[in-house]
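I opened this notebook to keep track of what I looked up in one structure, entry by entry. The sequence and the model come first, and my notes come after them.

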Amino acid sequence: QVQLVESGGGSVQAGGSLRLSCADAGYTGSRRCMGWFRQAPGKEREGVATLYTGDRSTLYGDSVKGRFTIYLDNSENRLYLQMNSLKPEDTAMYYCAATLPYSGGYCVPSPHPYHYWGQGTQVTVSS
């Protein structure tokens, strides 16, 4: 059974870096979309970055392009989000998510198609 567990959040000053990790102990190797989403207090959950495990193609939200990198380590069954040049507006709870097995190849950066979610890890960026 898919079970997503995030780690790596914390507090950092503006301009700093963090790397988030998402472990999936139940991953069977089927092709699917995986992604990182975030939600700040009083705001809707938004897509940060997505990755298709079939070809490792990626999509990023406009606000993080050029600063964040999503990647997958198959040997560890882990999804990572490297966050550089962090800004106070990046402060949010960050969630790892995965779809059911999917062969389409396009991973929309919207929460709706994602079936599995982790509990989240807090990222706080101070100015």
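**Entry 1, the kind of model.** I note at the outset that this is a predicted model, and I keep that in mind for each entry.

**Entry 2, the sheet of four strands.** I looked up how the strands are arranged, and I found an open sheet of four strands in the order E1-E3-E8-E7, with antiparallel pairing. Strand E1 (4-7) and E7 stand at the edges with a single partner strand each, so one side of each has no neighbour in the sheet. From one strand to the next, the twist averages 15 degrees. As background I wrote down that strands of a sheet pair through backbone hydrogen bonds, either parallel or antiparallel.

Strand E7 (residues 68-73) pairs with E8 in the antiparallel sense over six bridges, and here Thr 69 stands opposite Gln 82 in E8.

How many disulfides does the structure hold? I found two disulfides, and with the bonded cysteines counted along the chain they follow the pattern 1-3, 2-4. A disulfide is a covalent bond between the sulfur atoms of two cysteines.

One of them joins Cys 22 to Cys 96, with 2.1 Å from S to S. Cys 22 lies in strand E3 (residues 18-24) and Cys 96 in strand E9 (residues 92-98), so the bond ties together parts that are 74 residues apart in sequence. The torsion about the S-S bond of Cys 22 and Cys 96 is about -75 degrees, and the disulfide is therefore left-handed. Both Cys 22 and Cys 96 are buried.

The next disulfide in my list joins Cys 33 to Cys 107, with an S to S distance of 2.1 Å. It links distant parts of the chain, since Cys 33 is in strand E4 (residues 33-39) and Cys 107 is in the loop between E9 and strand E10 (116-117), 74 residues apart. The link of Cys 33 and Cys 107 is left-handed, with -85 degrees about the S-S bond. Cys 33 counts as buried because its relative accessibility is 3%, and Cys 107 is buried with a relative accessible area of 4%.

The structure holds five salt bridges, and I wrote out some of them. The side chains of Arg 32 and Asp 24 meet at 2.6 Å, N to O, and both Arg 32 and Asp 24 are buried.

Which residues are linked in a network of salt bridges? I noted Arg 38, Glu 46, Arg 67 and Asp 90. Arg 38 forms a salt bridge with Asp 90, the closest N and O atoms being 2.9 Å apart. This pair links distant parts of the chain, with Arg 38 in strand E4 and Asp 90 in the loop between E8 and E9, 52 residues apart. Arg 67 also forms a salt bridge with Asp 90, with the closest N and O atoms 2.8 Å apart. Arg 67 lies in the loop between E6 and E7 and Asp 90 in the loop between E8 and E9, so the pair ties together parts that are 23 residues apart in sequence. Arg 67 counts as buried at 10% relative accessibility, and Asp 90 is buried with a relative accessible area of 1%.

Arg 56 has a phi near 65 degrees; it lies in the loop between strand E5 (46-52) and strand E6 (58-60) and is partly exposed, with a relative accessible area of 38%. Ser 85 has a phi near 50 degrees; it is found in the loop between strand E8 (78-83) and E9 and counts as partly exposed at 41% relative accessibility. E7 and E8 form a hairpin with four residues between them, and Asn 77 in the turn has a positive phi of about 50 degrees.

Tyr 102, Tyr 106 and Val 108 form a nonpolar patch on the surface, with about 280 Å² of accessible area together. Val 108 is in the loop between E9 and E10, and it is partly exposed, with a relative accessible area of 30%.

Definitions and conventions
Residues numbered from 1 in each chain as written. Predicted model: local features only at pLDDT ≥ 70, side-chain atom pairs only at ≥ 80, totals over all residues. Heavy atoms only, no water. Disulfide = S-S within 2.5 Å. Buried < 20%, exposed > 50% of the residue type's maximum accessible area, 1.4 Å probe, protein only. Pairing = 2+ DSSP bridges. Patch = residues over 30% accessible without salt bridge, like charges linked within 9 Å, V, L, I, M, F, W, Y side chains within 5 Å. Areas by Shrake-Rupley, 256 points an atom, 1.4 Å probe, with all protein chains shown as cover. Salt bridge = Lys/Arg side-chain N within 4 Å of Asp/Glu carboxyl O. Axes fitted to C-alpha atoms, helices over the stretch in contact; angles between N-to-C directions.
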